[in-house]
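Here are my notes on this model, written for someone opening it for the first time. Please keep the sequence and the structure in view while reading.

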Amino acid sequence: MDGRRRLVPTVKTKPATRKPAARKRPVKRVTRRNAGTWEAIGARLDDSAGLLIRGASQILFLTIITLGLLAFVVGAASGRLSSLPERMAAMPETMARGLGLNVMHVTIKGGEGLTAREVMTALRDERYGSIIGRSLLTVDAEDLRLALEAMGTVQAASVQKLLPNTLHVSVIERDEKALYLDENGTYFVVDSQGVVVRPVQPTEFTHLPVISGTKTPSEATAFIRLLREHPVIYSRTAGIVVVGGRRFDVRFRNGFLAKLPEDDIRGALTRLEKLEAGTGRLAATLDYIDLRDPKWAYYKPKEE
């Protein structure tokens with residue numbers, strides 16, 4: 001080499017920068033629990049609680065059975081067991097009485113021909129006795145209505161319960177339209193439908209006509225309605241005889257008898273009015289008149 005120095009170009013470099021070291025995160029220590037141990041403990045506790053509950057239930061059940069048997073034995077020994085159903089059935093009645101809801105008053109509307117005693121007798125119960133004092137809540141108004149209508153003189157009735165202690169009775173009596181003489185010689189009063197109301201004495205209701213000759217007085221009720229359309233004839237009529245269930249004989253108060261046809265009864269009654277039947281003129285000379293023929297009138301003179 002020639003003694004000359006060879007220049008080597010220098011390259012300026014940036015000083016290396018040192019990166020800060022990354023912070024180490026703390027390592028969490030995980031404590032691992034023994035899950036099998038806790039599950040076993042829980043299972044044991046559940047089993048113990050179940051055993052306790054079942055044991056308590058069995059003890060309670062046995063206690064109830066024991067007390068029931070004891071009560072049965074005591075009741076049977078004391079003779080009270082047989083009356084237990086009656087006492088239980090009487091509980092509503094007793095409670096209602098304790099609240100003051102028992103019958104203390106009975107008001108009656110209608111039924112002028114009935115006495116209060118007759119109404120109270122109809123309302124009486126074979127088991128409980130008088131209606132007075134019974135529970136207003138437990139008495140059956142429908143049963144009381146039927147009991148009233150079972151009376152011969154009552155055509156219709158209604159019963160209302162008025163709190164706290166009143167029973168209101170409404171009654172419609174049967175209209176007394178005629179008397180009925182049965183085959184045994186007993187007199188009954190009957191209504192416009194021929195329903196027997198009650199037995200009466202022969203001296204009662206003498207202003208009403210007497211139905212006879214039948215076992216069914218209703219056979220004559222329609223004829224009585226026709227007879228009332230002729231007030232003069234009706235006022236003179238003493239009795240109506242049903243003949244064979246088909247036609248009628250009319251006996252007047254003066255003893256005169258008129259035999260009527262099966263058909264055209266209105267026409268026969270009009271003829272009787274024209275003849276002034278029931279007056280003394282015909283009865284003085286005739287026993288009866290027969291109008292069964294629509295064109296002719298037959299009669300029987302009195303025997304002298």
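This is a predicted model: local features need pLDDT of at least 70, side-chain atom pairs count only at pLDDT 80 or more; totals for chains, interfaces and linings use all residues.

1. Residues are numbered from 1 along each chain as its sequence is written, and side-chain values use heavy atoms, with hydrogens and water left out.

2. Helices (H or I, at least four residues) and strands (E, at least two) are DSSP runs numbered from the N terminus. Two strands pair if DSSP finds at least two bridges between them. An open sheet is formed by three strands in the order E1-E3-E2, with mixed pairing. E1 and E2 (154-162) are its edge strands, each pairing on one side only. On average, neighbouring strands here are turned by 20° against each other, direction ignored.

3. E2 and E3 run antiparallel and are joined by eight bridges. Within this part of the sheet, Gln-160 stands opposite His-168 in E3.

4. Helix H4 packs on the sheet, where it touches E1 and E3, and its direction makes about 115° with that of E1. Helix H5 lies across E2 and E3 and runs at about 155° to E2. Axes are lines fitted to C-alpha atoms, for helices over the stretch in contact, and angles run from 0 to 180 degrees between N-to-C directions.

5. Which residues of H4 (116-123) are buried? They are Val-119, Ala-122 and Leu-123. These residues lie on the same side of H4 because they cover an arc of only 100° around the axis, taken from the directions from the helix axis to the C-beta atoms. Arg-117 and Thr-121 are exposed on the face turned away from the buried side. Buried means under 20% relative accessible area, exposed over 50%, and partly exposed in between (1.4 Å probe, protein chains only). The cover over the buried residues includes E1 (105-110), H5 (141-149) and E3 (166-173).

6. Leu-167 is placed in E3 and is buried, with a relative accessible area of 0%. Leaving out residues up to four places away in sequence, Leu-167 has contacts (heavy atoms within 4.5 Å) that include Leu-123, Leu-136, Leu-144 and Val-159. The C-alpha atoms of Leu-167 and Leu-136 are separated by 7.8 Å, although the two are 31 residues apart along the chain.

7. Strands E10 (257-259) and E11 (286-290) run parallel and are joined by three bridges, with Lys-259 opposite Asp-290 in E11. E11 also pairs with E12 (298-301), in the antiparallel sense and over four bridges. Tyr-288 has Lys-300 in E12 as its bridge partner.
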